[in-house]
Structures are given as C-alpha cells and as structure tokens.
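Here is a structure to walk through step by step. Keep the sequence at hand while you look.

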Amino acid sequence: MVGVYGNDFTAPDETAPRPATGDEPETFRALLEGEGRVEPRDDLPDAYRRTLVRQIAQHAHSEIIGMQPEGNWISRAPSLRRKAILMAKVQDEAGHGLYLYAAAETLGVDRADLLDQLHSGRQKYSSIFNYPTLTWADVGAIGWLVDGAAIVNQVPLCRCSYGPYARAMIRVCKEESFHQRQGFEILHTLSHGTPAQKAMAQDAVDRYWWPSLMMFGPPDDDSPNSAQSMAWGIKRFSNDDLRQRFVDMTVPQAEALGLTLPDPEIRWNDERGHYDFGEVDFTELFEVIKGNGPCNAERMAHRVRAHEDGAWVREAANAYADKQAARAGADVA
Ligand code: BYC
C-alpha cells in the first residue's frame, strides 16, 4: 500500500506493448518504442502534436483559473503566516501556467491564441475550479484533495513521451507536494480545534471529495482520448487506474486527519488489494464541463476581465522589446 504521502507509480501495464497507431514517421515510432523523449525538432505526426496542444493548453488554463478559488481567501486567511503561505501557493500556480504555456509553444502554437480559445470557450480547463470556496477550510480541502489528485495525475506525466511537457512537470510536481502538505496541515489544525472548526473541515471535505474524483476524467470506457494517448506515451495510466490510486492514497490520510470521506461504500478489498468506493456521478462532471457548474460563468468573467485589464502591460512589454530590437539593429548597422 502507498504511504500517507506515497507516490508509488510502478504498475505492470507500463511494460505492455503499445498498440500500433498507423501512419507515423519511423523515427517517431523508434523513439516511443525505445522509451526515448520526443523533442520539438523531431518529425511529429500531426495528430500527436494536436493531442499535446489540447492537453497541455487545458492543463495551463487549469493552473491559471485555479488561482481564483484560492485567491478569494488571500485577504481573509486567518493569520499573517497563513496569508503568506497562501500567496506563495497561488503565485506557484501562475508559475505552473507559465511553464505549461511555454511547453505548448514548443509545438508551434501561440500563447495569445491559446488564451483566446480559453476565453471563447473553445478550450477547456479542469472541472474542479468551477466549485466555490465557501469557508477557510475549503482552502485546506483544495490543498489536500485537489493538489493530491493533481499529484497522482501529474507524477506519471513527468515520464510523458514529449520532452518539454515532461520536464515542466518535474518542477510542477515538486511544488504540488508542498501544496498538498499545506492543505493537509490546515485541515489537521481545524480537525483538532474546536467542534465548530472540525465541523467546518468535515463540511469542506464532504463538498470537495466527489468533484476531486471527477478530476481524473470520465471512466475508461467513456474516455475517447485515453487509448491513443496511452499508445503515444502521453498518458501512462488510465483515468480509472489513477482514480483508484488516489482513493488508495487518500483513505489512510483521512484517517490520520480524523475526518470522514463522504462515501459509505469505501472499504478495503483484500482480493483486489485496493479500496472499493461508491459510484461517481459522471453526469455532474459532464454538466460542469459543458459550462453548467456552480461557478463557470464567474470564473470566465473574472479571467476575461483580468486579461483585458492587463492589456497595457502586454503593450508596454512589446513596445520595450521593439525598442531593444531596433537598438540592436542600429548597433549592428
Ligand atoms: N475537467 O478522453 P478524456 C491542478 C475532458 S491543474 C474538464 O479522458 P484526456 C491545480 C477532456 O479534456 C489540474 N474537462 O480526455 C491547479 C476531453 O475533452 P476534449 C488539471 C475534462 O485528455 C491549480 C473529454 O473530457 N490537470 O491540479 O485523455 C491549483 C474526454 O476525456 C475533465 C491536468 O490538466 C475534467 N476533470 O484525459 C491546484 C492534467 N476530464 O479535450 C491544482 C493533464 C476530462 O476531447 N491532463 N475532460 O474536448 C490530463 O491528464 C488529461 O487531459 C485528463 C483527461 C485526465 C484531465
């Protein structure tokens, strides 16, 4: 079993032969078969490039939209220490967005265009950020459960076949571990505080548990992209395998916190060597993805407003870059 913070990601299906994927450059196939890294200079099949742009852009968008629910609590954190920690965490998320947009740009896309696609609803971001943060305990639940789920999903991405994405994920995962610990510590403090504080922690876990399980995506037999992404070594594990791994990792952590996961069907299954758990309501996931979650409209309105408010900064940066380039040109002449 994995430990309280354990991330044991070796699984037998890692070595299973990858299905043939049709018409692909031989050099590309050879790199995948040799577990080598695909780099921007390599001859990439168009479909591989498109899948990566889709996933990396969605991931980058999730990082920057993910700043909103927690940013909502910076001014109301219960102490100066908590405020400083939360500000650092939210700033980390902006940094993750930057690494990821930079990784996407190595595939020949333009960051401004990706942002346009987010703002016009043509590209998605993670469903989890469409839920509200009603109390301080929600900041703890996001750190513990949401960042915990992110770690389970993203540690395997450090071995993604596309080099720039894999390398970006190494740093992201290190920071996510710190984020998860800060969430755990907030909830631990609350659950060992007054009865009202413990109730607040339990309420946050009750609301964030199921949406956290939905972060891993639809079930495997309803996941149109999984088989191809696994064949390409972009995804290393299926959505359901990662969801199970998250449950296995989290149940002992909930016990350590003294909090209850809101699922009466959770019990250890000796035969499977995993925890059984109840059915996830995937209709809720699909509704949230379609834009009908509790905060979708608010998140997008805030994002578009922030982008418009920042237009002068982009203009100034471009004017400065043009001036520098003109000077460099004059020096050469
Ligand atoms: N939410 O075929 P599937 C973070 C979409 S950042 C929304 O299984 P795939 C953090 C999916 O895109 C967390 N959409 O897709 C940040 C696809 O739609 P399209 C973000 C979802 O790509 C700040 C369709 O449903 N993490 O943790 O093979 C603070 C069918 O799904 C969701 C990443 O982005 C969802 N939950 O697998 C704190 C990790 N699930 O594009 C924390 C990288 C599915 O075909 N991404 N969809 O129209 C991945 O690992 C994969 O893209 C997913 C989905 C597992 C999410």
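What follows takes the ligand, then the pockets.

Bear in mind that this is a predicted model. The ligand is surrounded by 32 residues. Q58, K124, S223, K235 and N239 are the closest of them.

Which elements build this shell? α2 (46–65), α6 (136–154) and α11 (282–292) each give at least two residues to the shell around the ligand. The top contributor is α2, which supplies six residues. By class, the shell holds 13 nonpolar residues, 13 polar ones and six charged ones.

Now look at single contacts. Q58, one of the closest residues, has a polar side-chain atom 2.8 Å from an oxygen atom of the ligand. R54 also points to an oxygen atom of the ligand: an N or O atom in the R54 side chain is 2.9 Å from that oxygen. With S127, the backbone takes part. A polar backbone atom of S127 lies 2.9 Å from a nitrogen atom of the ligand. How much of the ligand does the protein bury? Taken alone, the ligand exposes 1000 Å², and the protein buries 91% of that.

Next, step back to the space itself. The ligand takes up the largest pocket. That pocket contains about 1100 Å³ of space. Its lining counts 46 residues. Nearest the centre of the largest pocket are Q55, Q58, S126, M215 and G217.

α2, α4 (80–105), α6, α7 (163–191), α10 (239–257) and α11 each supply at least two residues. Which element gives the most here? It is α6, with seven residues. In the shell around the ligand, that place belongs to α2. The lining of the largest pocket divides into 19 nonpolar, 15 polar and twelve charged residues.

Finally, turn to the second largest pocket. About 510 Å³ of space lies in it. It is lined by 17 residues, and I64, Y101, L115, R303 and H307 are the closest to its centre. The elements that give two or more residues to this lining are α3 (67–71), α4, α5 (111–119) and α12 (296–309). By class, the lining of the second largest pocket has eight nonpolar, four polar and five charged residues.

Terms used. Residues are numbered from 1 along each chain as its sequence is written. This is a predicted model: local features need pLDDT of at least 70, side-chain atom pairs count only at pLDDT 80 or more; totals for chains, interfaces and linings use all residues. Side-chain values use heavy atoms; hydrogens and water are left out. A residue is near a molecule or strand if one of its heavy atoms lies within 4 Å of it. A polar contact is a pair of N or O atoms within 3.5 Å; within protein, one must be able to donate a hydrogen and the other to accept it, and residues adjacent in sequence count only if both atoms are side-chain atoms. Accessible areas come from the Shrake-Rupley method with a 1.4 Å probe; for residues, only the protein chains shown count as cover. On a 1 Å grid over the protein atoms alone, a cavity is a set of points where a 1.4 Å probe fits but cannot get out, and a pocket is an open set with protein on both sides within 12 Å along at least five of seven lines; lining residues have an atom within 4 Å of a point. A molecule sits in a cavity or pocket if more than half of its atoms lie within 2 Å of its grid points. Helices (H or I, at least four residues) and strands (E, at least two) are DSSP runs, numbered from the N terminus. Ala, Val, Leu, Ile, Met, Phe, Trp, Tyr, Cys and Pro count as nonpolar, Asp, Glu, Lys and Arg as charged, and the others, Gly among them, as polar. Grid points are joined across faces, edges and corners, and a volume is the space filled by probe spheres set on the points.
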